[in-house]
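Hello,

I am passing this structure on to you, and I hope you enjoy looking through it. Please open it first; my notes follow below.

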Amino acid sequence: MTLLRNALLEELLPIGDPERAKSMQRYMKSSMPYLGVPTVPLKKVCKKLFSPLKYDCINLWHDDVLNLWRRAEYREERYAAITLSGVRAADIFQTIDSVPMYEEMIVSGAWWDYVDEIAIQRLSKILVNDRASMARLMREWSMGEHIWKRRCSILIQNRSKGGMDLELLYDCIRPSLSSKEFFLRKAIGWALRELAWTNPDEVRRYVAQEGERLSTLSRREALKNLKSGDNKVRLGT
């Protein structure tokens, strides 16, 4: 585990840019510093180090991911941990048993750059593999106090395209409709905008039905990619 982190830092330290690191940290409003490694080089390093890895035990994979996550001194290390959580060698382990690992990352990370990828790229796979258990858990998260777990419950189906479970989506949105929290309002609009790509009429219907219960931000985001007249959709019909 320590060897993997050391190998990661050996690759990242020489290609970091201190000036870029400062701007990245400011943009992300991060207390954790950056090395200043852009996304593409970071992905190349992760591919080089993680592709050869084989896991025959879920606990070994969890340990490697959480070791990188917990010991991170730079934000890129946590991005690498998220990448490791999605390696093909771990596909078989994307089940409800891995939710505690992701939950730790969501709660301790508590910011959109971590949370959104975990929700959309990782938790979504668990929803497919363990639908009943995961849907039940997402409904629980949607009603909890932790805003980032709520956000996950709303965004988890964002890549489902035509296979989106509308009942689950609306169940997870409903507890946050009255929230003043920007990241929840934005998530609601984003999830509806994704639905609109495959079912625009349903989004129009839902926006009209919910009326003023939808924030202006959520409504604007939901209708963003529909024809311009839709932003004036009649509410409450």
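Predicted model: local features only at pLDDT ≥ 70, side-chain atom pairs only at ≥ 80, totals over all residues.

H7 covers residues 112–129, and its end C-alpha atoms lie 24 Å apart; at 1.5 Å a residue its 18 residues should span 26 Å, so the two values agree.

The largest one has 76 residues, and Leu123 is among the members that touch the most others, along with Phe50, Trp61, Met105, Met134, Ile173 and Leu192. Which helix gives this core its largest share? That is helix H11, residues 182–198, with nine residues.

Is H11 largely enclosed or open? It is largely enclosed by the rest of the structure, because 12 of its 17 residues are buried. Among them are Phe183, Ile188, Trp190 and Leu192, and also the charged residues Arg193 and Glu194. The partners that the buried residues of H11 pack against are H7, helix H9 (147–155), helix H10 (166–173), helix H12 (200–210) and helix H13 (216–223). At the start of H11, the backbone nitrogen of phenylalanine 183 has a side-chain oxygen of glutamate 181 within 3.1 Å.

Leaving aside residues up to four places away in sequence, Ile173 touches Ile154, Ile188, Leu192 and Tyr206. Of these, Leu192 is, like Ile173, one of the core members with the most contacts to other members.

Finally, the cysteines. How many disulfides are there? The count comes to zero. For cysteine 152, the nearest cysteine sulfur belongs to cysteine 172 and is 11 Å away, whereas a disulfide needs the two sulfur atoms within 2.5 Å. Cysteine 172 is likewise in no disulfide, with the sulfur of cysteine 152 as its nearest. Cysteine 152 counts as buried because its relative accessibility is 0%, and cysteine 172 is buried too, with a relative accessible area of 1%.

Happy exploring, and best wishes

How values were computed: Residues numbered from 1 in each chain as written. Heavy atoms only, no water. Helix = DSSP H or I, 4+ residues; strand = E, 2+ residues; numbered from the N terminus. Expected span 1.5 Å × (residues − 1). Buried < 20%, exposed > 50% of the residue type's maximum accessible area, 1.4 Å probe, protein only. Core = buried A, V, L, I, M, F, W, Y, C linked by side-chain atoms within 4.5 Å. Contact = heavy atoms within 4.5 Å. Polar contact = N/O pair within 3.5 Å; in protein donor to acceptor, adjacent residues only side chain to side chain.
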